Amino acid sequence: MDDFKLFIELAFKHVLDWEAYDHILFFIVLAVVYNFNDWKKALWLITFFTLGHTTTLGLATYEIVNVPKNIIEFLIPLTILITAAVNIFTLNRKNFHQSNTNVFFAFFFGLIHGLGLSGFLKMTLIDNEGKLLPLLEFALGVELAQIVIVILILVAGYIASNVFRIKKRDWILALSAIVIGIVIPMLSGRKFW
């Protein structure tokens, strides 16, 4: 039980870490297009991200896949930038975010984000035989932490819309633009070439 709690806590600290806020930024731009009525779609996003994240995290932890850290550190903010840009450029396409595009982004970009954490998890897991259960416990913690982020985004969107009367379009545009402004310097500082 102590190990279970440890890996859940490690996942929460990883996802909700203000110093490594890439998860938070990614979920802001991924979930900002939804409201409370879309909670099932938002939950699917979280689950598909976790599936992608856990897949590559497992492959890298078992040393089946090895991608240089500097490439992954560049690709992670790139995934955030792409998602935010898609939000902005598809604002006038009415049913774009009702399609499965965000689910694809969540899964595919989850694959990239999972590679980013593999070094940390490898250092934590010394025993080669006992990696699977901690990996699954960590994935559950990631899933729960992401649910917290998405709920906060949905609440913030609700307040923006119903209290401050901000139009959904303006809310999406503003948050996506802010995230782009944060991510561009991250990208320029993480060149891999």
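**Notebook: rings and burial**

I looked up Phe36 first: it counts as partly exposed, at 36% relative accessibility. My scale is relative accessible area with a 1.4 Å probe on protein chains only: buried is under 20%, exposed is over 50%, and partly exposed lies in between.

The model is predicted, so I noted the limits: local features need pLDDT of at least 70, side-chain atom pairs count only at pLDDT 80 or more, and totals for chains, interfaces and linings use all residues. Residues are numbered from 1 along each chain as its sequence is written, and side-chain values use heavy atoms, with hydrogens and water left out.

**Entry: ring pairs**

I looked for aromatic pairs and found ten in the structure. In Phe36 and Tyr158, the pair is edge-to-face, with 5.9 Å centre to centre and 65 degrees between the planes. The pair links distant parts of the chain, 122 residues apart. Phe36 lies in the loop between H2 and helix H3 (39-61), and Tyr158 lies in helix H6 (residues 132-162). I take helices (H or I, at least four residues) and strands (E, at least two) as DSSP runs, numbered from the N terminus. Tyr158 is partly exposed, with a relative accessible area of 46%.

Next I checked Phe105 and Phe109. Their ring centres are 5.2 Å apart and their planes are at 10 degrees, so this pair is stacked. The criterion: rings of Phe, Tyr and Trp (its six-membered ring) pair if their centres lie within 6.5 Å; planes under 30 degrees apart are stacked, over 60 edge-to-face, the rest tilted. Phe105 and Phe109 are four residues apart in helix H5 (residues 101-124), so about one helical turn separates them. Phe105 is buried at 10% relative accessible area. Phe109 is buried too, at 5%.

Which residues do ring pairs link into a cluster? I listed Phe26, Phe27, Phe49, Phe104, Phe105, Phe108 and Phe109.

**Entry: helix H2**

I went through H2 (residues 22-31) for burial. Ten of its ten residues are buried, so the helix is largely enclosed by the rest of the structure. Phe26 and Phe27 are among these buried residues.

**Entry: a charge over a ring**

I found the charged end of Lys131 over the ring of Tyr62, 5.6 Å from its centre. The cut-off is NZ of Lys or CZ of Arg within 6 Å of the ring centre and within 35 degrees of the ring normal.

**Entry: Asp170**

I placed Asp170 in helix H7 (residues 168-188). Asp170 counts as partly exposed, at 37% relative accessibility.
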